[in-house]
Amino acid sequence: MTSLQSTLGDDPGIAEELADNQRAISIAEFFEKNKHMLGFDSGARGLVTAVKEAVDNALDAAEESGILPDIYVEIEEAGDYYRLIVEDNGPGLTADSLPKVFGKLLYGSRFHVREQSRGQQGIGISAAVLYSQLTSGKPAKITSRTQGGETAKYFELIIDTDENEPEISVSEETTWDRPHGTRIELEMEANMRARSQLHDYIKHTAVVNPHARIELREPNAHFKSERATDQLPEETEEIRPHPHGVELGTVIKMLGSTDSHSVSGFLQGEFTRVGKKTADSVVDAFRDRHYGREMAWTPPGARGGVSEVDVASAVVEATANKGADATDAFAEGVADSLRKRERVAHHQLSEIVEDAAEEIGEEFGTTFGETVRERATEAAWRTVVGAGDGSEDDAGDESRTADDLYRIADDATSSRKDDAVIRAFADRLAGTFREGSHRLTRDELEDRVGRAAELTEEYDDVSFGETARENVVESVWSVMETVPDDPPLVRELAGSRDAASDLVEAMRETDIMAPPTRCLSPISSELIQAGLEKEYDADFYAAATRDAGVAGGDPFIVEAGIAYGGEIEAEGSAEVMRFANRVPLVYQRGACATTDVVKGIGWRNYGLDQPGGSGMPNGPAVIMVHVASTNVPFTSESKDAVANVPEIEDEIELAIREAARDLKSYLNKRRSMQKRRKKQSVLGEILPEMAEKVAEVTGNDEPEIDDAIARIMNNVLVERRTEANGDGQRVRVAIENHSGTNESIELTDIVTAEPTEVSDGASVVEMDGEWFVRWETDVPSDGEAVLEYRTGDDAAFDLDVKGVETEKLTVNQ
Ligand SMILES: Nc1ncnc2c1ncn2[C@@H]1O[C@H](COP(=O)(O)OP(=O)(O)OP(=O)(O)O)[C@@H](O)[C@H]1O
């Protein structure tokens with residue numbers, strides 16, 4: 001027990017004493033103690049993280065300035081420590097911003113920008129400086145030269161962790177041979193145990209950044225990855241958030257800081273993809289949630305079977321002192337408009353009365369004032385809902401609304417339900433409208449339907465289950481009308497959590513075009529495939545890039561690639577390569593959404609082994625996933641693993657499945673080709689023996705085996721025959737298609753003497769004393785095509801056939 005606990009309860013000043021111990025903690029102090037959160041948990045890992053932070057920044061900075069990145073990384077032993085040097089050819093940093101970039105945590109240019117970049121939080125490089133000063137006690141040494149700068153600046157600094165501010169020990173002008181760029185030198189306690197992770201990081205960075213030149217020199221290795229293209233990734237543009245998935249707190253903050261007064265203006269001004277029409281739809285969805293909808297009833301006379309009530313006479317009765325003709329015309333006008341409608345809600349009836357009042361008033365030179373209009377509206381409404389006026393001779397017709405609801409409920413529920421049960425239910429539901437408002441939210445409607453259903457279950461001893469209730473709610477809700485009330489002003493919304501929450505829900509449920517992707521820089525399927533081909537000598541490659549999705553208001557794109565077979569390690573489980581915003585993720589594979597998704601896929605369906613039917617697939621496969629987003633949701637600030645955000649997980653799965661489908665058809669085909677090869681080799685052994693026997697028995701020549709194999713195997717047979725013909729020889733190349741499909745075939749016969757009289761459609765090209773007779777032709781199933789030409793007597797030939805898998809091809813030349 002601590003001394004404070006022992007005195008607790010006796011001492012009236014205990015809270016004050018405790019309060020004395022409270023004090024703010026600077027972010028730098030916090031991370032000084034929690035460096036593992038930033039990826040600096042060990043010397044081995046710390047070094048990789050520091051390289052990663054510096055290289056990511058160098059790539060970001062160069063690309064942002066339209067410069068093709070040229071990055072040099074050097075790690076050298078320096079006594080008890082390791083020295084890390086990273087140099088880039090980026091735009092450099094000004095003398096004002098440089099000390100803060102390296103000497104202050106949470107200082108950066110990207111946090112508030114919705115645009116894809118590797119860095120996000122403004123922590124990375126200052127965390128590396130912090131780790132270096134903590135472990136070696138040495139300051140960071142930074143040189144930087146801005147574009148067009150006469151000289152370079154040189155700083156030595158550490159972070160004052162109490163204040164989270166840079167403490168500069170040296171600041172001077174210097175010379176540097178690079179025309180622009182930044183050079184960072186950090187000393188730290190480290191080791192090279194994570195060498196393979198370091199190499200992977202550099203190599204994989206090169207794979208997905210083919211426009212960058214990256215060189216790594218470390219005590220045991222030196223390699224340089226040259227630029228594969230001079231094409232910078234397409235420039236990204238900052239965008240506003242997308243309305244889907246923005247959280248309530250964010251929206252409240254945005255409501256508080258916008259210049260707009262109206263909700264519609266706010267939506268159009270602060271979000272991407274919201275124009276006037278979309279804003280109107282969001283506002284309508286907001287009205288439905290916030291104010292509820294109004295029930296719209298079938299007006300009297302609009303539908304057969306409903307008792308005709310004289311709307312006009314009700315209106316006449318309610319209208320006093322307007323002269324008989326004007327009153328009749330007014331009442332007829334209302335009744336007529338009403339008759340034309342399929343359904344009418346109270347506010348729509350008011351509009352009908354307003355319109356008739358204006359029109360008839362003008363025609364008869366009289367005024368139908370506010371009171372008259374109201375009385376007329378109420379009288380007409382009573383006829384619509386079958387309510388009496390309270391007098392003895394007008395008891396109303398309660399069955400009107402019940403009939404109406406009966407029809408809706410009958411359509412919405414299964415035909416197995418007894419008619420009397422639906423009637424009883426509709427009566428009870430109609431009762432709730434007689435007693436309560438005709439304007440209600442969806443929740444209120446659910447309540448009413450629920451109550452009516454429960455009473456029906458209780459008194460009629462039948463079941464009125466969840467699905468029936470939901471269907472009735474849906475059908476009634478769909479005939480209800482959105483109310484015309486003006487939505488609150490932005491400043492009112494900002495002050496009301498409930499109203500703002502209704503707005504967020506309305507934004508969420510409105511169909512809104514996917515966000516523009518100019519803020520993102522996906523790698524593209526072609527480059528993913530090219531990258532995989534560069535890294536892995538495989539038999540098969542596939543890649544897929546999905547359309548943009550939205551998570552938390554931030555657009556994202558997922559891409560996937562698969563390499564299979566060849567030199568890829570066949571033992572053990574497949575390798576998963578993860579990337580986020582073009583940065584390879586090296587650590588925390590098990591905590592990453594990408595890994596979870598890969599494990600959740602049934603790989604046996606795609607032709608890979610998967611022990612137990614779930615988990616990592618086995619075999620010679622590499623699965624690559626890239627998540628590009630304006631705000632990648634990492635599980636922690638060390639940015640090693642993508643968090644389990646459902647929208648992103650769904651897209652990862654779809655991207656992988658897209659690539660995996662190609663893998664599946666490749667593997668299926670390969671399997672059937674393997675079978676074919678086996679069969680063909682058996683035939684190749686048996687047929688010559690049979691041919692020999694047949695020739696022996698019949699005394700004839702041995703039959704043509706190649707032709708027979710081609711026919712039995714349904715192959716394409718390409719056969720060259722030559723025939724001496726005067727001065728030279730005639731060449732005849734015949735293609736017989738025994739397969740069940742039409743084939744497009746590209747054939748090249750390479751001849752050592754000049755060909756003449758070549759068939760139409762073929763072309764001849766001479767190269768170094770060889771003639772290439774090229775011919776592209778379509779041969780239908782069971783069809784034949786022939787190429788003919790003449791050439792010299794002593795010509796030699798070599799035939800090359802493309803367009804048909806080798807297993808389906810028999811060449812006889
Ligand atoms: N080599 C560089 N050249 C030019 N500017 C740089 C360089 N390194 C960092 N910066 C600038 O310094 C800022 C802070 O960098 P820092 O690594 O701390 O954070 P970040 O990259 O923005 O985000 P994160 O914490 O996610 O890495 C960057 O936003 C960028 O504007």
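To begin with a definition, a residue counts as near a molecule or strand if its C-beta atom, placed from the backbone, lies within 6 Å of it. What I am showing is a predicted model, in which local features need a pLDDT of at least 70 and side-chain atom pairs count only at pLDDT 80 or more, while totals for chains, interfaces and linings use all residues. Residues are numbered from 1 along each chain as its sequence is written.

With that definition in hand, 21 residues surround the ligand, and the closest are Asn 57, Gly 108, Ser 109, Gly 119 and Gly 124. The elements that give two or more residues to this shell are α4 (43-64) and α6 (124-136), where helices (H or I, at least four residues) and strands (E, at least two) are DSSP runs numbered from the N terminus. The most comes from α4, with 4 residues. Sorted by class, the shell around the ligand holds 7 nonpolar, 11 polar and 3 charged residues, with Ala, Val, Leu, Ile, Met, Phe, Trp, Tyr, Cys and Pro counted as nonpolar, Asp, Glu, Lys and Arg as charged, and the others, Gly among them, as polar.

Let me step back to the whole protein, which has 24 helices and 25 strands. Of its 813 residues, 40% count as buried, and a residue is buried if 20 or more other C-beta atoms lie within 10 Å of its own, exposed if 12 or fewer, and partly exposed in between, with C-beta atoms placed from the backbone.

Now to helix α23, residues 646-698, whose 53 residues reach 74 Å from the first C-alpha to the last, close to the 78 Å expected at 1.5 Å a residue; the expected span is 1.5 Å times one less than the number of residues. Where does α23 have a kink? A kink of about 25° lies at Ile 686, shortly before the proline Pro 688, the bend being the angle between axes fitted to the seven residues ending there and the seven starting there. The buried residues of α23 include Ile 648, Ile 652, Ala 655 and Leu 663, and its buried residues pack against β12 (540-545), β13 (549-551), β14 (554-564), α22 (593-600) and β17 (621-629), where two residues are in contact if their C-beta atoms, placed from the backbone, lie within 7 Å. After α23 comes Gly 699, whose phi is positive, near 75°.

An unreviewed UniProt entry annotates residues 649-676 as "coiled-coil region"; UniProt positions are given in the numbering used here, feature names are shortened, and annotations may be inferred rather than shown by experiment. In the model, the chain over residues 649-676 is 100% helix and 0% strand, with its end C-alpha atoms 40 Å apart.

Just after α10, Gly 292 takes a positive phi of about 85°.

I will finish with Thr 258, which lies in the loop between α8 (248-257) and α9. Why does Thr 258 count as partly exposed? Thr 258 does so because it has 16 C-beta neighbours inside 10 Å. Leaving aside neighbours within four places in sequence, Thr 258 is in contact with Phe 266, Gly 269, Glu 270 and Val 490.
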